Amino acid sequence: MSDTLKTSKKMLTRKNVLYLIKKYKTPMWVYNEDTIIKQIKKLKKFDIIRFAQKSCSNIHILKLMRNYNIKVDAVSLGEIERAFLAGYLPKNNNIVYTSDILEKSVLKKAIQYNIPINAGSIDMLKKIGKKRPQHPVWIRINPKFGDGHHIKTKTGGKDSKHGIWNPMKALSIIKKYQLNLIGLHIHIGSGVNIKNLYQVCSYMEKYALLLNQKIKFISAGGGLNVPYKSTEKKIDIDSYFNQWNQTKKIISSKLNCSIQLEIEPGRFLVAQSGILIAKIYSVKKTEKNTFILLNSGFNDLMRPILYGSYHKITIIHRKINKVKNHPIINSIVAGPLCESGDVFTVDYNGMLLPRKIPKVSPGDYIIIHDTGAYGASMSSTYNSRPLIPEILYSDNTFKLIRKRQSIKELLQLETII
């Protein structure tokens, strides 16, 4: 059976979706390469774009990033290996490892391939220094404030585990072990208020001048918003770049060294490229609610239960109804898991929030939009449900980029002789 499908120039047509359902079954992830490329081009003014691969770590997505000269951030040994498999060479800072701890296996790999380490703790710097003086390092600074679309996505401030609170102490360790400080990094959270993103600029300038080291890079981190709702505005990338570029020029001038400006987007590049297609298996009513039950749950898409996140939902009716306008019903869209919290339509606090959805029946299909970031990469096999396939729409062709996991494959690691 071929793993590709030639199709029309528009990805989300009824014909295409029904063909995919017939070929690959549901549930499944589908990504649009054109959307990713469009987002990449919006950031072209930055010196370096570094993809936060944790948002969507499929090797084929990483290959796409590499083809457009996007560097990559890795937060585990597995992500380093993914980058290698995607064709990234460990040179020219193509791969940077970012974490708050440093396991032996990661340190060994970083030393072997001279991969720069973005240190989020003093202990990391000590471990590196004892093993390999002169190793290239970054300092990830906690600027003592954070922000994000949810409390769980804040990566700065006194309640965040991320980053180094006292950069000057970090510098003393770097000097003690003669480590090679090449960059400074500040990331305050994901889905950040634009005013707070701008505020990071002043903190970067403050700490760069305080440390007074001839660095090569500064990183604006990630956190760029994408509009999940039609009422949400797109971020003004040109204005954001201009602010950071001015910060770069000030730091470069005062430290008398050439500096490159990095940005580290994750969901900004991939969120809007992805959809989750699932099948409706039951429509059931209680005293207060109508539940639409799918064959996909938070084992696939965790963002609603984890963050109370909103995702647009559209319906593909199995049969074309002659009636143009289906009756609208208030519905709760939920999954099959043995968890009451396995619900896709919730508010910020995780409470049930009915959606106005065209009337559906078992056998119809639902598309959950903007799932390209933190969808497949955060999925699990909870309830012993295998991982679902990923499909990439590229050059008017659908390509299978991760096959559906079988139950046999799921159980194989536990078959101990």
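## Domain arrangement

The centres of domain 1 and domain 2, taken over C-alpha atoms, are separated by 33 Å. The domain assignment of the chain places domain 1 at 45-264 and domain 2 at 272-412, with bounds that come from an automatic or database domain assignment. The model is predicted: local features need pLDDT of at least 70, side-chain atom pairs count only at pLDDT 80 or more, and totals for chains, interfaces and linings use all residues. Residues are numbered from 1 along each chain as its sequence is written, and side-chain values use heavy atoms, with hydrogens and water left out.

Between them, domain 1 and domain 2 bury about 1,600 Å², 57% of it on carbon and sulfur atoms; buried area is the accessible area (1.4 Å probe) that two parts lose on being put together, summed over both. Domain 1 has 16 residues in the contact and domain 2 has 18 residues, where contact means heavy atoms within 4.5 Å. Across this interface the rule finds 0 salt bridges, a salt bridge being a side-chain nitrogen of Lys or Arg within 4 Å of a carboxyl oxygen of Asp or Glu.

## The barrel

A barrel is closed by 8 strands in the order β3-β4-β5-β6-β7-β8-β9-β10, with parallel pairing. From one strand to the next the twist averages 30°. Two strands pair if DSSP finds at least two bridges between them; helices (H or I, at least four residues) and strands (E, at least two) are DSSP runs, numbered from the N terminus.

Strand β7 (residues 136-140) pairs in the parallel sense with strand β8 (residues 180-185) over 5 bridges, and W138 has G183 in β8 as its bridge partner. Helix α6 (residues 122-131) packs on the sheet, where α6 touches β5 (95-99), β6 (117-119) and β7. The direction of α6 makes about 140° with that of β6; axes are lines fitted to C-alpha atoms, for helices over the stretch in contact, and angles run from 0 to 180 degrees between N-to-C directions.

Strand β9 (residues 217-219) and β10 are parallel and share 3 bridges, with I218 partnered by L261 in β10. Strand β10 (residues 260-263) is also joined to β3 by 2 bridges, again in the parallel sense. In that pairing, I48 stands opposite E262 of β10.

## Helix packing

Helix α4 (residues 77-85) and helix α5 (residues 104-113) have axes that come within 9 Å and cross at roughly 35°. On α4 the contact is made by L77, I80, E81 and F84, and on α5 by S105, V106, K109 and Y113. These residues divide into 5 nonpolar, 1 polar and 2 charged. In this division Ala, Val, Leu, Ile, Met, Phe, Trp, Tyr, Cys and Pro count as nonpolar, Asp, Glu, Lys and Arg as charged, and the others, Gly among them, as polar.

## Salt bridges

The structure holds 6 salt bridges. One of them joins the side chains of D238 and K45 (3.4 Å, N to O). This pair links distant parts of the chain, 193 residues apart: D238 lies in helix α9 (residues 237-255), and K45 lies in the loop between α2 (33-42) and β3 (48-52).

## Backbone exceptions

Most residues other than glycine have a negative phi, and most peptide bonds are trans. The peptide bond from T26 to P27 is cis, with omega near -5°, and P27 lies in the loop between α1 (14-24) and β2 (28-32). N93, a residue other than glycine, has a positive phi near 55° and is found in the loop between α4 and β5.
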